[in-house]
Amino acid sequence: MPQKNQPITVAITGASGFIYGLRLLQFLLNENFLVDLILSKTAFKVSQLESNLNLPADNLIESKKQILNYLNLINNKSLNLWSESNLAASISSGSYRSQGMIIIPCSMGCLGRIANGISDDLITRSADVCLKERNKLILVARETPLNTIHLQNMLTLSQLGAIILPAMPAFYQQPKTINDLIDFVVGKTLDSFGIEHKLFNRWTDPKKQVENVSSMKRKSENAD
Ligand SMILES: Cc1cc2nc3c(=O)[nH]c(=O)nc-3n(C[C@H](O)[C@H](O)[C@H](O)COP(=O)(O)O)c2cc1C
């Protein structure tokens, strides 16, 4: 079970779906987890295109303020925002006690670099550290369709123990809003990390639901 006093690394890359990263961040901070956050250069660009945020990539203090403000968590003290180019950051070392890393959304470029051991920025280096330390690493991959290189890279990472979690919402929980679809993907990510949540309704066999209701009815009739 993940500990609240031990940090989790979250990286947001330049794949579509910046909102997935924000929603995960909001959940973790609301639940009092410590979070080390890294945004790739392209993530800053995608954030402008996909949200109302205008995060300055060259001013991390301002970017962090804007993110916390957007999440209604302005007084939160549990977030560290790191520069992608800061290879001397604590999270780049295997001696740092991180509980693991979630890359959400994860671009095919980032996934490919990690699969091939190219640790040339803080995101890929931190992921490389997770693999070598046998720590949790979840990649919420976003691309469609997938080419053979993407699939081979995913296989390599899966064989190394990483979890490939495609940003693929399901429909059996009957989503009503875009937020329901986002929460499904974020909820599945939390499941893979072992963090409890109630972001979506879990599947129960409709027949069992009917049986449960009938047995509850029978019990209450017997009680009468
Ligand atoms: C608006 C926008 C959307 C993008 N969506 C995706 C995507 O869904 N998946 C993907 O693999 N790359 C996508 N890209 C391309 C990546 O951003 C690009 O390959 C980049 O080099 C990834 O770098 P990063 O992993 O360091 O963020 C998108 C780019 C832009 C500008």
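**Core, ligand site and aromatic cluster of a predicted model**

Beyond the residues up to four places away in sequence, L37 touches V10, I12, L25, I67, L79, N80, L81 and W82. The structure described here is a predicted model. L37 belongs to the largest nonpolar core, which has 39 residues, and L28, L37 and L39 are the members that touch the most others. The greatest contribution to this core comes from helix α1 (residues 18-30), which supplies eight residues. Another core lies apart from it and holds 24 residues, including M101, A115, L137 and M154.

V10, one of the residues touched by L37, is found in strand β1 (residues 8-12). Its relative accessibility is 0%, so V10 counts as buried. When residues up to four places away in sequence are not counted, V10 touches L24, L28, V35, D36, L37, I38, I102 and I104. L28 and L37 in this list are also two of the core members that touch the most other members. The C-alpha atom of V10 is separated by 7.9 Å from that of G21, and these two residues are eleven residues apart along the chain.

S47 is found in helix α2, which covers residues 41-50. Leaving aside neighbours within four places in sequence, the contacts of S47 are F18, L53 and L55.

The ligand is surrounded by 15 residues, and G14, S40, S107, M108 and R142 are the closest. Two of these serines place polar side-chain atoms by the ligand: such an atom of S40 lies 2.6 Å from an oxygen atom of the ligand, and one of S107 also lies 2.6 Å from a ligand oxygen atom. For S16 the atom concerned is a backbone N or O atom, which lies 3.1 Å from an oxygen atom of the ligand.

Aromatic rings were examined next. A pair of aromatic rings is described by the distance of the centres and the angle of the planes. A search of the whole structure finds three aromatic pairs. One of them joins Y172 and F184, which are edge-to-face, with 5.9 Å from centre to centre and 90° between the planes. Y172 lies in the loop between β6 (163-164) and α7 (178-193), whereas F184 lies in helix α7, so the pair ties together parts that are twelve residues apart in sequence. Y172 has a relative accessibility of 42% and therefore counts as partly exposed, while F184 is buried, with a relative accessible area of 4%.

Y172 also pairs with W203: the ring centres are 5.7 Å apart and the planes are at 75°, so this pair is edge-to-face. W203 lies in the loop between α7 and α8 (206-223) and Y172 in the loop between β6 and α7, so the pair ties together parts that are 31 residues apart in sequence. W203 is exposed, with a relative accessible area of 54%. Together with F200, the residues Y172, F184 and W203 form one aromatic cluster.

A further ring is that of F193, where K136 lies over the face at 4.7 Å from the ring centre.

Definitions and conventions. Residues are numbered from 1 along each chain as its sequence is written. This is a predicted model: local features need pLDDT of at least 70, side-chain atom pairs count only at pLDDT 80 or more; totals for chains, interfaces and linings use all residues. Side-chain values use heavy atoms; hydrogens and water are left out. Rings of Phe, Tyr and Trp (its six-membered ring) pair if their centres lie within 6.5 Å; planes under 30 degrees apart count as stacked, over 60 as edge-to-face and the rest as tilted. Helices (H or I, at least four residues) and strands (E, at least two) are DSSP runs, numbered from the N terminus. Buried means under 20% relative accessible area, exposed over 50%, partly exposed in between (1.4 Å probe, protein chains only). A charge sits over a ring if NZ of Lys or CZ of Arg is within 6 Å of the ring centre and within 35 degrees of the ring normal. A nonpolar core is a set of buried Ala, Val, Leu, Ile, Met, Phe, Trp, Tyr and Cys residues joined through side-chain atoms within 4.5 Å. Contact means heavy atoms within 4.5 Å. A residue is near a molecule or strand if one of its heavy atoms lies within 4 Å of it. A polar contact is a pair of N or O atoms within 3.5 Å; within protein, one must be able to donate a hydrogen and the other to accept it, and residues adjacent in sequence count only if both atoms are side-chain atoms.
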